[in-house]
Amino acid sequence: MAYLTTAPRGTKDILPSESGRWQYLESTLLRTAARYGFREIRIPTFEHTELFSRSVGDTTDVVQKEMYTFTDKGDRSVTLRPEGTAGVARAALEHGLLGDALPLKVSYNITCFRYEKPGSGRYREFHQFGVELYGAASPAADSEILALAYHCLKEVGLGSVVLEINSLGCRECRKRYTQALIQYFDRYRGQLCGTCLERLEKNPLRVLDCKNPEDQRIAAGAPSILDYLCDNCQEHFREVQARLTEAGIPYRVEPTIVRGLDYYTRTVFEMVHTSPNGERVVCGGGGRYGGLIEELGGNPTEGIGFAMGLERLLATMTAEGCGFPPEEPCQVYLASMGESAGVRAFRLASLLRERGISAQCDLMGRSLKAQMKYANKLKARYVVVIGEDELQKGEGLLKSMDTGETTPVRLDEGIQIP
Ligand code: ATP
Ligand code: MG
């Protein structure tokens, strides 16, 4: 029976008391991105499984361990999206958006699904806000994406979140770096975890992303990708930084960032919040992906984007004491005694609502005393009591719940609420 009253592990309800914060965060992020020309795209919750294994990379944790994959009734393998980039790329290809005016700029606000161990900001269903920019290979595009990430964080009061950036180079740089990594990790074969030994064979870069503390300790001494960048990639990374500096966008170069997904090339970054006790919270991440569109069968097209985890953003905002706009309270509660007064209260409430004023009236057949108690609970700004006398006079008293002050108020079309 507990299954009927307990949500599945790793999921969570967003209650009416919390949804205002979510709406505020989501609308602020979408609005900020819109200022940079990003328009929202809405994609399906599930896709063909192959889309993710091909794009995210089948040696990544996401694909190897975390996907919600199932066979549907038509015997097709489908997967609940673990992230947004693959679906957006698929949609852009399917609808020919990449053949239109470039750069293409889109934003998304989605739920994602990963079969992870829940706890400390980790869920099995979570929310991501993200953006993608297609068609621009220039460092200018990288800087614009980083500027937008910073701007989004600042807009919600998280200017203290640090942009940690790195470059993963191009295929050529990666080849040489991979060799160096294999050479380095070879010495530690006896100490690496089983998964990392496998990674060392299939995708050595992934060892740097292992969450196992012992592996992390070994990875800390690994050679830095920045020492293996070719001239072009070095120049690209330098130009990105020069532009950030020029625009006053704070960042820190962090050569250990590799990101959890395989499609990245050149610039990658994470948005990191450090709590007072030194805990590192990754609120989001992103980067440039050169090969993704091609991998999916399109013409070579550069892409760059980021995704932010909204649960972690909200938790960080709360920890940092960021302000949220107050919820819109009930402006007026129309209390009534008796049936005809109740009908009048309903009519007046409808009238006020059409005028854009939030108004409520009794739906429970409660006593006046109980209605007043309820109005208090709602934190109604004003209350009008409608009884026989008031009905006859067509006028009542509007009471401010703040000051207790009363003023006469008409109980017909002439009703005016401050
Ligand atoms: P992590 O290293 O924390 O596992 P990741 O590299 O898997 O993160 P991305 O795939 O880049 O994360 O997703 C972008 C953001 O989405 C993360 O920075 C994080 O804020 C959020 N996120 C990722 N996985 C989860 C999850 N299981 N629950 C809640 N938020 C998540
Ligand atoms: Mg992860």
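Start with an open sheet of three strands, ordered β2-β4-β3, in which the pairing is antiparallel. Strands here are DSSP runs of E with at least two residues, helices are runs of H or I with at least four, and both are numbered from the N terminus. Two strands pair if DSSP finds at least two bridges between them. Select residues 46-48 and 68-71: these are β2 and β3, the edge strands, and each pairs on one side only. From one strand to the next, the twist averages 35 degrees. Angles of this kind run from 0 to 180 degrees between N-to-C directions, and the axes are lines fitted to C-alpha atoms, for helices over the stretch in contact.

Before going on, note that this is a predicted model: local features need pLDDT of at least 70, side-chain atom pairs count only at pLDDT 80 or more, and totals for chains, interfaces and linings use all residues. Residues are numbered from 1 along each chain as its sequence is written, chains are lettered from A and ligands numbered from 1 in the order in which they are written, and side-chain values use heavy atoms, with hydrogens and water left out.

Which residue of β4 stands opposite Phe46? It is Leu80.

Next, select residues 265-274, strand β9, together with β10: the two run antiparallel and eight bridges join them. Thr274 has Arg280 in β10 as its bridge partner. Five residues lie between the strands of this hairpin, and Gly278 takes a positive phi near 85 degrees there.

Stay on β10. Eight of its 10 residues are buried (under 20% relative accessible area, with exposed meaning over 50% and partly exposed in between; 1.4 Å probe, protein chains only), so β10 is largely enclosed by the rest of the structure. On to β11, which pairs with β10 in the antiparallel sense over six bridges. Within that pairing, Gly284 has Met308 in β11 as its bridge partner.

Another oxygen contact to show is with Arg312, where a polar side-chain atom lies 3.0 Å from an oxygen atom of ligand 1. For Glu116, a polar side-chain atom lies 2.6 Å from a nitrogen atom of the ligand. On its own, ligand 1 has 580 Å² of accessible area (Shrake-Rupley method, 1.4 Å probe), and the protein covers 93% of that area.

Which elements give two or more residues to the shell around ligand 1? They are β6 (125-134), β10 (280-289) and β11 (303-309). The largest share, three residues, comes from β10. Of the 16 residues around the ligand, those that come nearest are Arg114, Glu116, Arg122, Tyr123 and Arg259. A residue is near a molecule or strand if one of its heavy atoms lies within 4 Å of it. By type, the shell has six charged, five polar and five nonpolar residues.

The last stop is an open sheet of five strands in the order β13-β12-β14-β15-β16, with mixed pairing. Select its edge strands, β13 (359-361) and β16 (406-410), each of which pairs on one side only. The twist averages 25 degrees from one strand to the next. Strand β12, residues 332-336, runs parallel to β13, and three bridges join them. Finish at Tyr333, which stands opposite Gln360 in β13.

Note on methods. Polar contact = N/O pair within 3.5 Å; in protein donor to acceptor, adjacent residues only side chain to side chain. Nonpolar A, V, L, I, M, F, W, Y, C, P; charged D, E, K, R; others polar.
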